[in-house]
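Please read them alongside the model.

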Amino acid sequence: MDKRVAVVTGSNKGIGLGLVKALCQVFEGDVVLTARDAQRGKAAVDSLSQEGLHPKFHQLDITDHSSILSLKDYLAENYGGLDILVNNAGVYMDKVEGKSFAEKVKEQMEINFFGNINCFELLRPLLRAHARVCNVSSMYASITIKKCSPDLVARFTDPDITMEELTGIMKDYVLSAQDGSFSERGFSDEMYGFSKIGLTVATAIQQKVLDKSGAVDIVVNACTPGYVKTDMTKYQGHLTLEEGIVTPMYCALLPPDVDSPRGQMIRNKEPVDWVKFQVEPL
């Protein structure tokens, strides 16, 4: 029987690193720490080894198709499949200085949406029966969708929306940022939140696709860790890292044959209606 394996993307720091550390302590199998920068990734592995934990390392840039394929080949050759995938890699570009709005939108979407979607699609054939996928999203999706036009909200919440249609909306957002038409077309200027809308909607689509394919108990959920003290939040969050990883860990370790949650947004280990949810001020 092939050894079990868990992969956490973007895990050389912050929530990703916290998840690798926690999984190393409880998951019965290997845990693969990934990072775009190999030097930083290996340094993170070395730091955990000093704590008696031994994750594996593999370089991964989710915006690079060949990089994802390299990870796929590594997993196939060494494990014959994949048991846990945490799509954690992401950036927050809204307040980055020195770049235009259009540049920031493009980079935000390439990583937070298109990169994560492509990573899932390329690794999906490796997902074994009872595999768990956790897409790390944010309640900023709830804030941002309320700033979109009613027509756009209707499109996002259409139960029959396809990945092709969703991808088309996200591409239109990038184009509208370039020509300045995003506001008149009903898009929000909160690019981080918009990327997380895309990831959250994609989660429900991914679950439906897996179910239709006859996958045996493969479960995909999105989750919000909460407002966590990490470098992404400039350590201004309400939650410690240990508190922030609770819900992603819950999603990653759901027991076999669960009826729920499946394809949902999870907050504090509970499914939420993220479209209607009223987020408390940060």
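1. Ring pairs join F156, Y173, F187 and F194 into a cluster, where rings of Phe, Tyr and Trp (its six-membered ring) pair if their centres lie within 6.5 Å, and planes under 30 degrees apart count as stacked, over 60 as edge-to-face and the rest as tilted. The model is a predicted one, in which local features need pLDDT of at least 70 and side-chain atom pairs count only at pLDDT 80 or more, while totals for chains, interfaces and linings use all residues. Residues are numbered from 1 along each chain as its sequence is written, and side-chain values use heavy atoms, with hydrogens and water left out.

2. Searching the whole structure gives 9 aromatic pairs. In one of them, Y74 and Y79 are edge-to-face, 6.2 Å centre to centre with 70° between the planes, and both Y74 and Y79 are buried (under 20% relative accessible area, with exposed over 50% and partly exposed in between, for a 1.4 Å probe and protein chains only).

3. The ring centres of F156 and F194 are 5.7 Å apart and their planes lie at 65°, so this pair is edge-to-face too. The pair links distant parts of the chain, 38 residues apart, with F156 in helix α6 (residues 150–157) and F194 in helix α8 (residues 191–212); helices are DSSP runs of H or I with at least four residues, numbered from the N terminus. F156 counts as buried because its relative accessibility is 4%, and F194 counts as buried because its value is 0%.

Notes:
Helix = DSSP H or I, 4+ residues; strand = E, 2+ residues; numbered from the N terminus.
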